[in-house]
Amino acid sequence: WPQPRDPTGPVPWRLMGRRYAVLGTGAIGGLYGARLAAAGHDVHFLARSDLDHLRTDGLTVESVYGDVRLDTPSVWDDPTEMPEVDVVLVAIKTTANDQLPRLLGPFDRPGTTVVMLQNGLCVETLAADIAPSAEVLGGLCFTCSNRVAPGHIRHLDYGSVTLAAHHRDGGAAGITSALEAVASDLESAGVEVVRAPDLGVARWRKLVWNMPFNGLSVLLDATTDELIADPATHDLAAQLMDEVCAAAEACGSPLGGSTRDDMLELTRTMRSYATSMKLDAEAGRRLELDAIYAAPLDAARRAGAPAPRLETLHAQLRFLDSRRR
């Protein structure tokens, strides 16, 4: 990623265009929202726990691709009071999606684009039901980014976003004009973007990594480098990935024969990383089990794809999550 523009300097006219709302100013929303703002885009952040800190001390993003500092970000605590925007980046955890009608509903206007920067499966369907006038995109973030303190994001590695358009019938929507517009803005902020014609394929591909490594990192209290270095857990991750790939194919989203090996190699070259689910477990927060495990496993069962290892992993995570709370 190139160095971001100085936020205090003049804004190039070509970047003065779409206005953004970022719902959730954590590891994902803080990272991409800050880069868009530093590149000259009009960005407004919705925050909860970090609200006071962001208003008094600003937003800091430490990144391997260039640090970003927003001294006076536009921060709000009520979505109904936020300025009218063109694009809404939904970056809250899926465990808070029961709040999505209240948070996203005020932005339901013709011409608005909603980008679901969330993990799991079927989150775009929920957004489309809440905001039927908007065009909904899936935004799949392949990045190692953590919120390490209020208003402080640390981005360790990778950073690309795969964008894919949601179609109400579940089919491939292709590359829409709204997708191209958001992709262009992210690229102007130095973010690598992959334009995907089929949301289902993109979602299942991300699950090939998320389902094994999020769960194993919690159960075994291990970082990604520890899991990939040990032969037993490496092989277990590969077996879990095979079940995800088989489920994807049964659900009509074939991923290609090299997907598993590609994901394992990416993990091998990744810096030591504590997954978001591991950090949630350590902090006593609810785990994103419904979106990352329950929804895809339900789809796999309905499609007749057995996934015994994934089912076991999910049951173990459910037990740990319920016992902690």
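This is a predicted model: local features need pLDDT of at least 70, side-chain atom pairs count only at pLDDT 80 or more; totals for chains, interfaces and linings use all residues.
Q: How many residues does H5 have, and what does it reach from its first C-alpha to its last?
A: The expected span of a helix is 1.5 Å times one less than its number of residues. H5 (residues 177-188) has 12 residues and reaches 17 Å, close to the expected 16 Å.

Q: Which residues of H5 are buried?
A: Buried means under 20% relative accessible area, exposed over 50%, and partly exposed in between (1.4 Å probe, protein chains only). In H5, the buried residues are Ala178, Leu179, Ala181, Val182, Ala183, Asp185 and Leu186. In general, an α-helix has 3.6 residues a turn, so residues three or four places apart point the same way.

Q: What about helix H8: how far apart are its end C-alpha atoms?
A: They are 29 Å apart, which agrees with the 28 Å that the 20 residues of H8 (residues 231-250) should span. At the N-terminal end, aspartate 230 caps H8, with a side-chain oxygen 3.0 Å from the backbone nitrogen of alanine 232. After H8 comes glycine 252, whose phi is positive, near 85 degrees.

Q: Which helices do the buried residues of H8 pack against?
A: The buried residues of H8 include Leu240, Met241 and Val244. Those buried residues pack against helices H6 (199-219), H7 (224-229), H9 (259-269), H11 (289-302) and H12 (308-324).

Q: Now a strand: in which sense do E6 and E7 pair?
A: Two strands pair if DSSP finds at least two bridges between them. Strand E6 (residues 87-90) pairs with E7 in the parallel sense over four bridges, and valine 90 has methionine 116 of E7 as its bridge partner. E7 also runs parallel to strand E8 (residues 135-149), joined by four bridges; here threonine 113 stands opposite glutamate 135.

Q: Which residues of E7 lie on each side?
A: Thr113 and Val115 are on one side of E7 (residues 113-116), with Val114 and Met116 on the other; all are buried, and both faces are covered.

Q: How many helices and strands does the protein chain have?
A: The protein chain has 12 helices and 10 strands, and 54% of its 325 residues count as buried.

Notes: Residues are numbered from 1 along each chain as its sequence is written. Side-chain values use heavy atoms; hydrogens and water are left out. Helices (H or I, at least four residues) and strands (E, at least two) are DSSP runs, numbered from the N terminus. Contact means heavy atoms within 4.5 Å. A polar contact is a pair of N or O atoms within 3.5 Å; within protein, one must be able to donate a hydrogen and the other to accept it, and residues adjacent in sequence count only if both atoms are side-chain atoms.
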